[in-house]
Amino acid sequence: MKGPGEAARAGFETRAIHVGQGPDPTTGAVVPPVSFATTFAQDAVGHHRGYEYARSGNPTRAALEECLADLEGAARGLAFASGLAAEDAVLRTLRPGDHVIFPHDAYGGTFRLIDKVWGPAGIGHTPVDMSATGGIDGLRRAWLDSTRLVWVETPSNPLLSVVDIAAVSAEAHSRGAVVVVDNTFATPYLQQPLELGADIVVHSATKYLGGHSDVVGGFLAVADTDLGDRLAFFQNAVGGVPGPMDCYLVLRGVKTLAIRMDRHCANASAVAGLLESHPAVSRVHYPGLRSHPGHDVAVRQMRGFGGMVSFVLAAGERAALEVARSTSVFTLAESLGAVESLIEHPHRMTHASTAGSALQVDPGLIRLSVGIETVGDLLDDLERALDRAQRLS
Ligand code: PLP
């Protein structure tokens, strides 16, 4: 399946399996070959067959870029060595003196990149609650004449706050800024930021897109071809590109994205229900719960509520650490978005880089990446761990 017209007629699952993916014209292979060549023969000086040197382009990467761009409804897709390498390319479009508005509860690595890498290079930043709680007013208050970029993460990591992409995009565009949405938690199956008005989608492909905890990768999907060309320049000039095997693994993961996400959503919803009813838990963050402040926006802009859940233990950090070490089906580990369930303590693990800043997370917070195992096993495992924490308090 090659042509965009043909692709547009097909459903998400069909496109995830076929767009950009053969069969290979020379051998008939039904999956794209992993092309390890670093350089490509040229027919004459300046005449090549689409590929010259593998940092600039590689057939396996091209297959991934074509497929994921299509799934995000993008004019251009660009694969990177990691989510942060993809984010870094976006920030390179700014000039010293420019200002970024970004989420008050952004992923810690995003905050570190904006604050510690791009801050000293002259990029200003303001963390803003753009979620249902803070809304557009927060965005307006933080706006500076130099604001060029609005960074949205929805649902956010680790607080699962939900931002109205269409409303933020309309406001930012009316003031001439570019809107970036980190779609890592939702994936293109659950949420289509470009259709809602965003300019750039960023992914940590390490998470749901890869889906099996065996590859680190990043991705940008861009609505406008000129902006796509600028970002492609940085992809090649800086060189934070993924290897062919990594591209293949992400592409293989994407084939099953839709069915995995359906199960992630169903399991996470059951887990959120259990947490909401357990006395050891004082607060549950899951956009599928009616009690979630962003629930209505999530219903409007998402097909499902995703596989990530976080919650606060009533008895604070000691209880949170007890839960984190007591589960057995949920593995205590960083990262998220794969078939196996993971549990972590953001304050000491994934979000340790936010310590002492406005983004610091509650030490009583636990984050779950709910996998696709048998749901009863997940509920039993968590209930046992919560009961232990409850006995501590
Ligand atoms: N965005 C979000 C929401 C993330 O959770 C992560 C990593 O956890 C990243 C971006 C960074 O991606 P990577 O670890 O692939 O560089």
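I started at helix α6 (residues 135–142), where aspartate 137 and arginine 140 both sit, three residues apart, or about one turn of the helix. I keep in mind that this is a predicted model.

I looked up the contact between the two side chains: aspartate 137 makes a salt bridge with arginine 140, and the closest N and O atoms are 3.7 Å apart. Next I checked their cover. Aspartate 137 comes out partly exposed at 45% relative accessibility, and arginine 140 is partly exposed too, with a relative accessible area of 42%.

Is glutamate 171 buried or exposed? Its relative accessible area is 11%, so I put it down as buried, the cut-off for that being under 20%. I then followed the shared partners: Asp137, Arg140, Glu171 and Arg175 are joined by salt bridges into one network.

**Entry: another salt bridge**

How many salt bridges does a search of the whole structure find? I noted 15. One I looked at joins the side chains of aspartate 88 and arginine 92, at 2.8 Å from N to O. Aspartate 88 counts as buried at 13% relative accessibility, while arginine 92 counts as partly exposed at 26%.

I located aspartate 387 in helix α14 (residues 375–392). Aspartate 387 is partly exposed, with a relative accessible area of 31%; a patch member needs over 30%, so this residue passes the cut-off.

Then I went inside. Nonpolar side chains tend to be buried together in soluble globular proteins. The largest nonpolar core here has 38 residues, and Leu64 and Val254 are the ones that touch the most other members. I listed the elements that each supply at least two residues of this core: α2 (12–18), α3 (59–71), α8 (187–190), β7 (218–222), α10 (244–255), α11 (257–277) and α12 (295–301). Which of them gives the largest share? I have α3 down for that, with six residues.

I finished with the backbone. Most peptide bonds are trans, and most residues other than glycine have a negative phi, so I went through the exceptions.

Where are the cis bonds? I found one joining threonine 154 and proline 155, with omega about -10 degrees. Proline 155 is in the loop between β4 (147–153) and α7 (165–174). Another cis bond runs from asparagine 157 to proline 158, with omega near 15 degrees. I placed proline 158 in the loop between β4 and α7.

For positive phi I noted serine 213, at about 55 degrees although it is not a glycine. Serine 213 is in the loop between β6 (200–204) and β7, and its relative accessible area of 47% makes it partly exposed. I also noted serine 335, with a positive phi near 75 degrees. That serine 335 lies in the loop between β10 (331–332) and β11 (342–344), and I have it as partly exposed at 28% relative accessible area.

Terms used. Residues numbered from 1 in each chain as written. Predicted model: local features only at pLDDT ≥ 70, side-chain atom pairs only at ≥ 80, totals over all residues. Heavy atoms only, no water. Helix = DSSP H or I, 4+ residues; strand = E, 2+ residues; numbered from the N terminus. Buried < 20%, exposed > 50% of the residue type's maximum accessible area, 1.4 Å probe, protein only. Core = buried A, V, L, I, M, F, W, Y, C linked by side-chain atoms within 4.5 Å. Salt bridge = Lys/Arg side-chain N within 4 Å of Asp/Glu carboxyl O.
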